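Here is a short walk through one protein model.

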Amino acid sequence: MTENEIKDNFYKIREEIHVAEAKAGRAAGSVRLCAVSKFHPVEDVYAAMQAGQTLFGENRVQEASAKFSGIRESGKECTLHIIGALQLNKVKKAAEIASCIESADREELLAELEKHCARLGKNIEIYFELHTGEDSKSGYPDEASLLESAQHCAEGRYPHIVPAGLMTMAPFTSDEKEIRKSFATLRSLQQKLRSEFPSLRLDTLSMGMSGDYRIAIEEGSTEVRIGTALFGARA
Ligand SMILES: *Cc1c(COP(=O)(O)O)cnc(C)c1O
C-alpha cells in the first residue's frame, strides 16, 4: 500500500467507526482504534502516524521491538500494545516496550510480567483475553480461570499490573449470530467482573477486527483492533 492509500483507509475507518457509534447510540469518540501493524513495514506505521494515529498493536515482541525502537528514538508520540499470544521468555522485552498486554491469558504470565515490571519500576496495563471463538487457541479457556486471575489482581498480588480491560477474538465465520454471541459474552463478563471487583478498572472492551468491528461496536466495544482494512493484506 502507498502512504496515501493507508491515509485514505485510515480516514475511511475513522468515519465508519463514527457512523457505527452513532448507529448504536454511543457517544462520538467512545471507540478507540488500535492499528494492527504486524507484518507491515515501519513506513506504513509512519503513514498512519501522519494521518493522526498513535496507538499500534503488534503480535510478536521481536518484530515490535525492531519496528518501534526507531520511532521512539525519533521522539514521536506513539503507544504500543502487544495483542498476540506471549511466551514467557518474551515477557521481559514486552514489559520494556509495551504499555499494555492485551493478550493476558494465564496466571504464570501475570507473575512473570509483575517480576519484570517491578524491576523496571513500571506499571503496565493488561486486558484479560477470553477465548470465545473456536478457531483461535488464545485466551483464558473459560470464565472461571479468568475470574481467578482477576481476583488475585484485586487482592494486590501484582502491584505493577493494572487490569484495564478485556479482549477477545470472535470466531472467523460469516454467521453474524455467532460473532455477536462472542462479543456479548465478553461484555457480560465485564459487568460481572466490575461488580465483583470494583477496585479493578476494566473499562476497555477490546473487540472487533477488520471484518467485524461494526458488529463489535454495536455490542459495546471501546477498542477495535484493525490491521487488514488499514494496511492491506499481510504477506
Ligand atoms: C491480526 C490481529 C488483528 C487484526 O486483524 P485484521 O483482521 O487484519 O484487522 C486483531 N487482533 C488480533 C489479536 C490479531 O492477532
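The model is predicted. Start with the ligand. Around it lie V36, K38, N59, I83, M169, M209, S210, R225, I226, G227, T228 and R234. Three of these side chains can be followed atom by atom. The side chain of T228 has an N or O atom 2.5 Å from an oxygen atom of the ligand. For R225, an N or O atom of the side chain is 2.8 Å from a ligand nitrogen atom. N59 places a side-chain N or O atom 3.2 Å from an oxygen atom of the ligand.

Now turn to the core. The largest nonpolar core holds 64 residues. Within it, I101, L110, L113, F128 and L193 touch the most other members. Take L113. Leaving aside residues up to four places away in sequence, L113 touches V91, A95, I101, I124, I126 and I161. In soluble globular proteins, nonpolar side chains tend to be buried together.

Charged residues can be buried too. D44 sits in helix α2, residues 42-50. D44 is buried, yet has no salt bridge. The nearest side chain of opposite charge is K67, 8.1 Å away. Beyond residues up to four places away in sequence, D44 touches M1, I6 and F231.

D105 lies in the loop between β4 (100-104) and α5 (107-120). Is D105 buried or exposed? D105 counts as buried because its relative accessible area is 12%, and the cut-off is under 20%. Its side chain makes a polar contact with the side chain of R106, at 2.9 Å. D105 also touches E129, G139 and Y140, not counting residues up to four places away in sequence. L130 is 25 residues from D105 along the chain, but their C-alpha atoms are separated by 7.3 Å.

Key: Residues numbered from 1 in each chain as written. Predicted model: local features only at pLDDT ≥ 70, side-chain atom pairs only at ≥ 80, totals over all residues. Heavy atoms only, no water. Helix = DSSP H or I, 4+ residues; strand = E, 2+ residues; numbered from the N terminus. Buried < 20%, exposed > 50% of the residue type's maximum accessible area, 1.4 Å probe, protein only. Lys, Arg positive; Asp, Glu negative; His and termini not counted. Salt bridge = Lys/Arg side-chain N within 4 Å of Asp/Glu carboxyl O. Contact = heavy atoms within 4.5 Å. Core = buried A, V, L, I, M, F, W, Y, C linked by side-chain atoms within 4.5 Å. Near = heavy atom within 4 Å. Polar contact = N/O pair within 3.5 Å; in protein donor to acceptor, adjacent residues only side chain to side chain.
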